[in-house]
Amino acid sequence: MHLRARTILAASALLACTAAGCARGSAAGPAASAPASLPARASAASCARTAAAPAFTPLGVAAHQSSTVALARFGDRTVAFIADEDGHALTLVDLDRRAELASTPLPGAPSQLLLTTDGRVLVALRDESLIAVLEPTAPDAAMRPLCSVKTATEPLALALTGDEKTVLISSGWAHALSGHDLASLEKRFEVDLPREPRAVVVSGDGKSAFVAHAVGGQLSVVDLDRARHPVQPIRMSHARSDGTESGADRSTSCQGFALARSLVPGGRIFAPQVLVDPGSLEALPQGYGDSNGPTEQGVVAVIDEKASLAVQGSLDAPAEPHDVTAGEPLAECLLPRAAAVDPTSNTLLVACAGIDAVIAYDALSTSPARSEIRRFAVGGGPTGLAVDAERGRAVAWSQFDRSLTLLPLRLDDVANDMTHVPRPPERLALAPLALTGLAMQRLYGRHLFHAASDPRIAADGRACASCHPDGRDDAITWATPDGPRRTVMLAGRLADTAPYGWNGAGHDLREHLGHTFERLKGRGLSSVELEALLAYLQGLRTPQSPSADARAARGKELFHGAEAACATCHSDGSFTDGKSHDVGSKAGIDKAAAFDTPSLRSIASHAPYFHDGRYATLRELLLKSDKMGNTKQLTDDDLDALEAYLRSL
Amino acid sequence: VKRALPLALAVLALVAARPPEAGADTPKPPPPPAGAAASRISFKESPELDALPLAAPFELRTPEVPKRIEAREQVQAFWSGKPTWHIPAEKASPAPKKRGRKATKKAPRHGASPAQPDLALVAPTPLAAIASERTAPRVSALENDREGRDVTSHDVCFSPAQGKVPTRDAVVDFETGSESVLLISPETGPGVSPSYPGTLGYRSTFPLHIVRAEKLGTGPDGKATLSITHAWVDERSGGARLIQTRQIALQPIQETPGGLEVFAYRIGDRAIFVVQHQPLVPERISPATLEVTHSPGSIESTYCHHVTVPLDVGKVGEAETVTVSGEMALKVVLPAEGEGEERSELKLRAFRLSLSETWLSGDARPVLSASFAWTGKLHGEDGSGER
């Protein structure tokens, strides 16, 4: 019934667009105008607020941690500021009057926004690698652009230090955290991080920044106090539920998109994660991972801020006996995308894409995932949360159907009703976008790509986005029927790279998807759904790689030259010859010795390498692979040059 | 189906609304401690550790081991003895083995069928510790009353000492699980012992055992108390000798939707929660099992009307969450149809209570929390009527 409802919702969204006479790009909401012209920062003063701008007061953590939605009191109004990624706009909604107030078009796709206490709005434009600074002119008018600053590639999330002097920006593609002066937006520092950083939160004492990662099974702790800002990892994995050592050794985690900090009691940071057991790489299971146990389980790690440790037990999977219930167990949160704490009730809210729900957990528990209190149904693809503690409510922004859901947080009204079944929370949809047919098809494909607990996709609840967060890869090597196989990145690497799969068994994407659903024991999609999913996959893009410099030019010569001979197989614009080769990489359990030549597009951004992920870095690959080209004998300078060229692809 | 059957029988009994048989010895479940309940129903509470009643550190050391305890010697808190066991052939099963905390065992639901006429005498006879002598014959025949009602009292919960009891002056450790009937059988010997739902049974190689019995009650001041009795029991005779009895004051923490009552006390910095599972229609409904999950893979189940949950947190950096889950029978008022009147139906709904103690680096004192959630939809005992 749930699936049917979701399908109907998705179809309704498409119909709504069709009825609106969709033509790509423009929003039909109030106060819409041409994209804001964002002057580049000229001076410290150019990013400053103008004196005449009306003030708003950010609510909750809106002034300290970014989200796709933030709340502020604007005079007597409570206004939701929304970073509308699909609409390329910053939209304001009056929560009390349930009215869309204004929409400010932006020159890029906003990922998240931060409200400052001096009345500015900082918006990260992920596809433009910009931070845009705007200020309101009136609650129901488009915002005034102040300035924009360039950031490392793909800015995604922001956080403010406790002294409100520095804004931290995480950049996903550039795997970096940069610190900028809040007043002038001038960059103060930048540190390199592991792959795919996402949410950022600053510790209560202001000395550390905690950064979540979408892949890699860790959290990064950046020392803000010391000169070079050293980075320490916190490992985010735990034994699987059967407690076996083998499970402990191979378990990892991913989907670290969200972080939230508890204020009272302080010292706690919540990091929703998904524990992953990719299975024993010495075995050949029927599907992806060990079929005898859960491959993915949603948890919420509790981080002890002061000790920089995950609290013992917080990474325990729920593992509760489900057989006491006559019905099916509740769907797990396998795609957590946002988190927020209600300080009044000490409740942690986590927005779960895939099941389109917000789950309320006990924020005082050692193991929030084992202390779920209730859950709310929200719009499709929730990506942001904001809490209005004073009025006992929260809002969830759902990007996929561009709606706000109002969540009542007080439980008193339902406590005495033993049979309480929550009514669907109130939902406010933004004015529909005008979209082309292809754009609508891609949106539906995105919905399918993120559908968790959907038997069409997988029998065990996994979504496509479970292994391919943001259309990329989970950096995990899975046990498969063919041997250990590294998840491949999808974004930007599907065009002209057939066949698909490490053994090249999928002659086209459609056939490859069929094989994938089969291994996931999914029932499969209808032809209309499959076309939508394909449209979405083919539309996935990656940010631009760094432009080639002189060193990369030398690397290009080496790559295409006879000595290294990389281009023999990694040929043409797609950097693959579409054939399988035996490069001596067969491991003991592998069924075949030859593997399809992978495309090298954006290769620097999807380590580790080879079909079984045996090489952690590009340099290791160039130095250790024997029969794939001739790179071992290159000088250090040439290796640097070749690596620089690969990073530019 | 196994789990649904007893409740189905109970529901049928309710619909029939027949008065209990005159003189029926159905034990009454313990009344809720007068004045002990939390003041309001809530999903979530976070009591202050230091506000909980403080109990002295509890360490039972082995007293001098008696040589023999005669059958006539008994303790006030419970009855122990060697009833004649009559087990229908189809219910006989290999003797239950001793359970440890790491074991995962789910007891089948109690009271599945009426008494069977073809009883078989089974030997050797195990020792039984039961709430009262009155229910012993019924327990020993694995018998429910004609309407499938559970006749065992579940208000006294037993735990045996772990392993072989030391001869003297050593700390005695107890199994963490508890059950409302404790069976002890000789390690060796012919025959079978009953595998009875709601029992905690094990084999022993020694004749004398230390048993702990807990009962939730009301103190003279009207406040909730937990009575803990330790006693020797003699497997050869069935006699019991008191070692000590303690009364511990409890702080009411929470009454959850559906009627779980949560109490707590502390020993030093460690919180001990006590959860009472009060059936909605006590004289009619067989109690469901409670599942206590300490950590993944460590699950205990019990029919007791209460469970005691100590949280093992004693210093900074330690934390523990234990969940208590099960299924409640709820009386649901259905709206009137047409000109008819409102009517009520019994429904089931799964729940989970999460109990947590956390002591992080920045916490001056450990942080406690008790939170409740429904984990399933309302449904009939046959799975119908989900909503």
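Helix 7 of chain A holds a run of buried residues, among them Leu530(A), Leu533(A) and Tyr536(A). This is a predicted model. The points below cover that helix, then a surface patch on chain A, then chain B as a whole.

**Helix 7 of chain A**
- The helix covers residues 527-539, which makes 13 residues.
- From its first C-alpha to its last, helix 7 reaches 18 Å. That is close to the 18 Å expected at 1.5 Å a residue.
- Its buried residues are Glu529(A), Leu530(A), Ala532(A), Leu533(A), Leu534(A), Ala535(A), Tyr536(A) and Leu537(A).
- What covers them? The cover includes helix 4 (437-449) and helix 6 (509-519) of chain A.
- An α-helix has 3.6 residues a turn, so residues three or four places apart point the same way.

**A nonpolar patch on chain A**
- Val61(A), Leu263(A) and Val264(A) form a nonpolar patch on the surface.
- Together they have about 270 Å² of accessible area.
- Val61(A) sits in the loop between strand 1 (57-58) and strand 2 (69-74) of chain A.

**Chain B as a whole**
- Chain B has two helices and 22 strands.
- The chain has 387 residues, and 56% of them count as buried.
- Take the contacts in chain B between residues at least 6 apart in sequence: 72% of these join residues at least 24 apart.
- Chain B exposes about 16100 Å². Carbon and sulfur atoms supply 52% of that area.

Key: Residues numbered from 1 in each chain as written. Chains lettered and ligands numbered in written order. Predicted model: local features only at pLDDT ≥ 70, side-chain atom pairs only at ≥ 80, totals over all residues. Heavy atoms only, no water. Helix = DSSP H or I, 4+ residues; strand = E, 2+ residues; numbered from the N terminus. Expected span 1.5 Å × (residues − 1). Buried < 20%, exposed > 50% of the residue type's maximum accessible area, 1.4 Å probe, protein only. Contact = heavy atoms within 4.5 Å. Areas by Shrake-Rupley, 256 points an atom, 1.4 Å probe, with all protein chains shown as cover. Patch = residues over 30% accessible without salt bridge, like charges linked within 9 Å, V, L, I, M, F, W, Y side chains within 5 Å. Salt bridge = Lys/Arg side-chain N within 4 Å of Asp/Glu carboxyl O.
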